[in-house]
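Here is a two-chain model to talk through together. Shall we take a look?

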Amino acid sequence: MTKGQAISLQKNDGGSLTAVRMGLGWQAAPRRGLFGSRTREIDLDASAVLFADKQPVDVVFFRHLVSDDGSVRHTGDNLVGGVGQGGDDEAILVDLSRVPVHIDQIVFTVNSFTGQTFQEVQNAFCRLVDETNGQELARYTLAGGGQYTAQIMAKVHRSGPGWTLTAIGTPANGRTFQDLMPSILPHL
Amino acid sequence: MTAELARGQNHPLSQARLEIRVSAGTPIVASATLGDENGKVHGVDWVAHPGAPVLPGLEVSKQAAAGHRLAVDLGAVPEAVHRVSVLLALPIGVGGPVRFGAVAAPFIAVTGLDGTEVASYTITGLDAESAVVALELYRRQGAWKVRAVGQGYAGGLAELLTDQGLPEAGRLAGGINDAVAQGLARSVQAPPQRTADGDRTRQTAAPAPGPDQSGPAPQAGSTPQGAPGPVPPHPTSPYGAPGPQPGYPAGPAPADPSTVTQPATPTAGGPVDYSHPRRQTGAPPSPPPTAPQARPGQPAQPVAGDANGWSMDERLYNQIWGMFEDLARNTAAYRSAVDFAESRMEKELDQALSDPRNRIGGQSDAAREVARGKHAQLVDQARASLDRDLAQLSAEAEVVEPALPPAFARWDNPVWHGYRVPMEIPMALRLGDLYLPESELLRIPMLVRLPLERGLWIDSGQGGLLDESFADSHELRRLALDTAVALAARLLAVYPTGEFGVHVIDPAGSGVQAFAPLVQTGVLATPPAPGAAGVADVLARLTQRVDLVQMAVRGGVPDSLPPGLDTAEQLLIVHDFPHGFDDRAVTQLRYLADEGPAVGVHLMMVADREEAAAYGPLLDPLWRSLLRLTPVPDDHLADPWVGHAWTYEPALVPSGSQVLQQVLARVAEARTRHR
């Protein structure tokens, strides 16, 4: 999936997608030199902002793990990234069938809470998965991604009876989703 | 369509990817062996067990648990394997039951990945056996079938594995038990426990959903900048401490997060493996659906006790908490949508008014009409969605209410007519019902954990009451007393004989009539204390008791209490406060409120705060420390997730019913036998 590309989340059999998961995984880059043995912890955070007609209504992030309506759930803050490789270290689950009727867009973002840029993170990725069958809908590699501390990743928005996923993939800077609001708004 | 198998019966399997769900009344070990076409198990690497949980196409849990979900992918099982046997065993040497005859019959089901049951089997008829071959999946002419086996072994896993032709059976059985014992030692055995975690500014990967997580009040920063953040009134949370987590027993039940949450692909060969390979307790699962997820438009049939838990009571408790959370969140979704619709309509109406082009002709009216139409449409949609959720929750409540044990049941529940004095303390007590204005007919039982962690305050004052029509303060006082008596009776009834004592302070004797059921049946520890002397006497005794127990506990010698000391929990009902109280008595009362709950002395104030106004702010900490309940419906309680103001309605005995007297008579009768 490329930047700006939109995927309808209608399934081939006519049923529509009911649950998506945004997964985020990373490892701290090993440091070379004098203090090489001291690992440096990197804390990336996944957030989801719920919009109704371009107004933010609710947000799910590490301080608010479940949207008030219960449709969007964060699996919990991970402060240091993965010890292994490849798995999601943080995930946000969206039950699209339960999203309140006025919410028309959900934007997913990734931030570096500890301030390192994505250049300093190893094996960092974020992806969107169809939670019902495990199929990956979109995947971004963040590592080596330049002097950025955040990314507006993608959004799911209502279209007709179902939902559509649009990849955004715009880099940004900020420590939490609040810092990203100005960068998010153009994509709504 | 579920096939309920009897022993020996088989059933075809149309899917290769399956889940095998096991539930038992006690933690058990689940393992599986692979056999060749003769059923022979070739070696230890043909056995999936807690010490080596993963085989191609098969994964079992690493721990003993009362519920298991085994992931099976028959397509990934090696060609040479013709039989997969699912084994259950009781863990040895951990102090639990040692024979299946002593526990509830284990239930095992083969389900598809979406949770639909294909076949199920209840393993009955076991007695001295401590291990059993529950099911086997076997190839027959290129297709797989499942058979209910139910073959038990009194000699445990060792005998079972020997029977399957495994040469190293004894050693392997020992290894499995060691692995299980280690797992049990690491995990908390007790049912859900409250976490004492007060600081939740930044939550690490802990169980995500649950009343514990969002705390009593939304923190600063939890609403997005610029967002129309909801500004709920700030009612007191009934659950001052973080509540227990429905659906998340702290015990080892959901043993391996990867098997619980990602039943789809836990094994090699699946397309995506979400789980972190080297982490067991990292990002926790989304709440595992305990029932097959309902598809939109096709609600699942609700079942009582359809939640996690070690016992039926705990499952019902967790289910009620789940319903409570669902209702809170569904209503939040509805309110948020309606608020949005209203603010959008206002904005559009303003626009229509200020747009100069609209000044001529009927354009303005048309624009307003459109704005109103959009509002109505969105509100209708939101209401339809809420109604769908309410219908499902109501259906659930309809099956849950009749299934409740006395401690959780309303007084009009027939379970009270068959009341018998219990043998153990229940995990929680129903204080009343909770509801929201959007759904007045759907009542959520308000359950608090036992032993009580906070004292109770039945507010007999009119201040702050919604309903101003209670001009008759006499009537309100009377209702407050009835509420107090009904709660005290409920506490007496749900505790085992001799483990709960009730004392009454009624200095002016004005509650004689209301207290009559307690007095006449003789269930009080002491007769109601009259006058100032009575007050002083009761307070002195209870204060001394708190002192003694505290000293013993702090000194690390809880066994050295004086022999005459009644170890039962004590409830002190104080009526007409502060009548009959001098300064010393007030100080003692505050001491009891602060220190009592930790050592089993609880306070129930039936009081109007206004009447104690003379004490000024001195008593504020006392009132704050108590859970305020009202004798008439009042919306002052907040849920821990969203902070809605819920209307509390006390659990009162239906008028004209003698059930309370009957129950108390049983309590008294059991007590005389006990002595």
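What follows is a set of questions and answers on its chains, strands and helices.

This is a predicted model, in which local features need pLDDT of at least 70 and side-chain atom pairs count only at pLDDT 80 or more, while totals for chains, interfaces and linings use all residues. Residues are numbered from 1 along each chain as its sequence is written, and chains are lettered from A and ligands numbered from 1 in the order in which they are written.

User: In what order do the elements of chain A run from the N terminus on?

Analyst: Happy to start there. Helices (H or I, at least four residues) and strands (E, at least two) are DSSP runs, numbered from the N terminus. Chain A has 11 strands and one helix. From the N terminus on, the order is β-β-β-β-β-β-β-β-β-β-β-α.

User: Is I92(A) buried or exposed?

Analyst: I92(A) sits in strand β6 (residues 90–95) of chain A. A residue is buried if 20 or more other C-beta atoms lie within 10 Å of its own, exposed if 12 or fewer, and partly exposed in between, with C-beta atoms placed from the backbone. Because I92(A) has 24 C-beta neighbours inside 10 Å, its class is buried.

User: Which residues does I92(A) touch, leaving out those up to four places away in sequence?

Analyst: Two residues are in contact if their C-beta atoms, placed from the backbone, lie within 7 Å. One of the partners is V72(A), which is 20 residues from I92(A) in sequence, with 6.9 Å between the C-alpha atoms.

User: Turning to chain B, what share of its contacts between residues at least 6 apart in sequence join residues at least 24 apart?

Analyst: Chain B holds 12 helices and 21 strands. Of its 675 residues, 46% count as buried. The share of those contacts that join residues at least 24 apart is 71%.

User: Which residue stands opposite T111(B) in β10(B)?

Analyst: Two strands pair if DSSP finds at least two bridges between them. Strand β10 (residues 117–122) of chain B is joined to strand β1 (residues 3–4) by two bridges in the parallel sense, and A3(B) stands opposite A119(B) there. With strand β9 (residues 107–111) of chain B, β10(B) runs antiparallel over five bridges. In that pair, the residue opposite T111(B) is E117(B).

User: Which strands stand at the edges of the open sheet of five strands in chain B?

Analyst: The sheet has parallel pairing and the order β16-β17-β18-β15-β19. Two of its strands each have a single partner strand, so one side of each is left without a neighbour in the sheet: they are β16 (500–505) and β19 (627–629) of chain B.

User: How do α7(B) and α8(B) lie to each other, roughly parallel or roughly antiparallel?

Analyst: Axes are lines fitted to C-alpha atoms, for helices over the stretch in contact, and angles run from 0 to 180 degrees between N-to-C directions. Helix α7 (residues 473–494) and helix α8 (residues 512–520) of chain B have axes that come within 9 Å and cross at roughly 15°. Angles under 35 degrees count as roughly parallel, over 145 as roughly antiparallel, 65 to 115 as roughly perpendicular and the rest as oblique. Therefore α7(B) and α8(B) are roughly parallel.

User: Into which classes do the residues of the contact of α7(B) with α8(B) divide?

Analyst: From α7(B) come R478(B), L481(B), D482(B), V485(B), A488(B) and A489(B), and from α8(B) come A514(B), F515(B), P517(B) and L518(B). Ala, Val, Leu, Ile, Met, Phe, Trp, Tyr, Cys and Pro count as nonpolar, Asp, Glu, Lys and Arg as charged, and the others, Gly among them, as polar. The residues divide into eight nonpolar, no polar and two charged.

User: And how do α9(B) and α10(B) lie to each other, roughly parallel or oblique?

Analyst: Helix α9 (residues 531–554) and helix α10 (residues 583–595) of chain B have axes 10 Å apart, at an angle of about 40°. That angle makes α9(B), relative to α10(B), oblique.
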